Amino acid sequence: MARTKKPKSKKRGSATVPGTLQPARRLCEHFEEPSLEFGSGRLHIDQRTGISLFGPRSIDQARHPEIIKIGMVGSGKSIESARKWVSSCLDGVEGDAEHLRFPGFTDELGFYSKPNLDGGWTEVLTQQELDEIKKTKVHSEKFRLALDTVCEKVRILSRKDHAPDVILLALPDELLSQCQVTDYVDPQLGTVHRDLRRALKAELMRFQKTTQILLQPTS
């Protein structure tokens, strides 16, 4: 009579038995808020408080800029609105119970550099360009055209002989109301969701310029 061998028992840590699931392992670790470094190497965890008390990290270094050249992209109306709003904030903005005071941005306080908004560093989204975007029927193509048009304006500014240090994108409501987001189906990628703000941030990295998006309700 032939002997039958008993199946060997599974060792701890061996592969999962078919039909069963191993319990999920979760590891959570809390990191304290890191300190930021400001003028003369002094530290603080809050950027506004640190700037107000100590100034920027570069303030006592040779590389600290005396002037910050600011360029703008937008419609004629949105650029003018943004310029007025930025100018109104340069001497500081009072805070409230929930928001700290903005320390300002002049050569005597805050960031201790003088912003130059009047150097001619503007690229206007013309009405013809905005109309061309508006009449594009396919929404994914409309989104792509808006993205490419804004990127081209930034490219022009970034290639100037005395290019701006910072470029503000004063995007008009007329543009955002049509192209802020888009959803479509790509034959290879499947369902695609795109956000104009995120797409601009990604695309504009190749120009190696600091950019900031301003919305008309803000400016």
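Contact here means heavy atoms within 4.5 Å. The structure is a predicted model, in which local features need pLDDT of at least 70, side-chain atom pairs count only at pLDDT 80 or more, and totals for chains, interfaces and linings use all residues. Residues are numbered from 1 along each chain as its sequence is written, and side-chain values use heavy atoms, with hydrogens and water left out.

We begin with Thr106. Not counting residues up to four places away in sequence, Thr106 touches Leu90, Asp91, Phe111, Tyr112, Ser113, Lys114 and Pro115. Thr106 lies in the loop between helix 2 (76-89) and strand 4 (114-116); helices (H or I, at least four residues) and strands (E, at least two) are DSSP runs, numbered from the N terminus. With a relative accessible area of 14%, Thr106 is buried, a term for values under 20% (1.4 Å probe, protein chains only). The Thr106 side chain reaches two backbone nitrogens: that of Glu108 at 3.1 Å and that of Leu109 at 3.1 Å.

Next comes a pair of helices. Helix 4 (residues 139-158) packs against helix 6 (residues 196-204) at an angle of about 40 degrees, and their axes are 10 Å apart. Axes are lines fitted to C-alpha atoms, for helices over the stretch in contact, and angles run from 0 to 180 degrees between N-to-C directions. The angle therefore makes helix 4 oblique to helix 6; oblique covers what is left after angles under 35 degrees (roughly parallel), over 145 (roughly antiparallel) and 65 to 115 (roughly perpendicular).

Which residues of helix 4 meet helix 6? They are Phe143, Arg144, Leu147, Val150, Cys151 and Val154, facing Leu196, Ala199, Leu200, Glu203 and Leu204 in helix 6.

How values were computed. Buried means under 20% relative accessible area, exposed over 50%, partly exposed in between (1.4 Å probe, protein chains only). A polar contact is a pair of N or O atoms within 3.5 Å; within protein, one must be able to donate a hydrogen and the other to accept it, and residues adjacent in sequence count only if both atoms are side-chain atoms.
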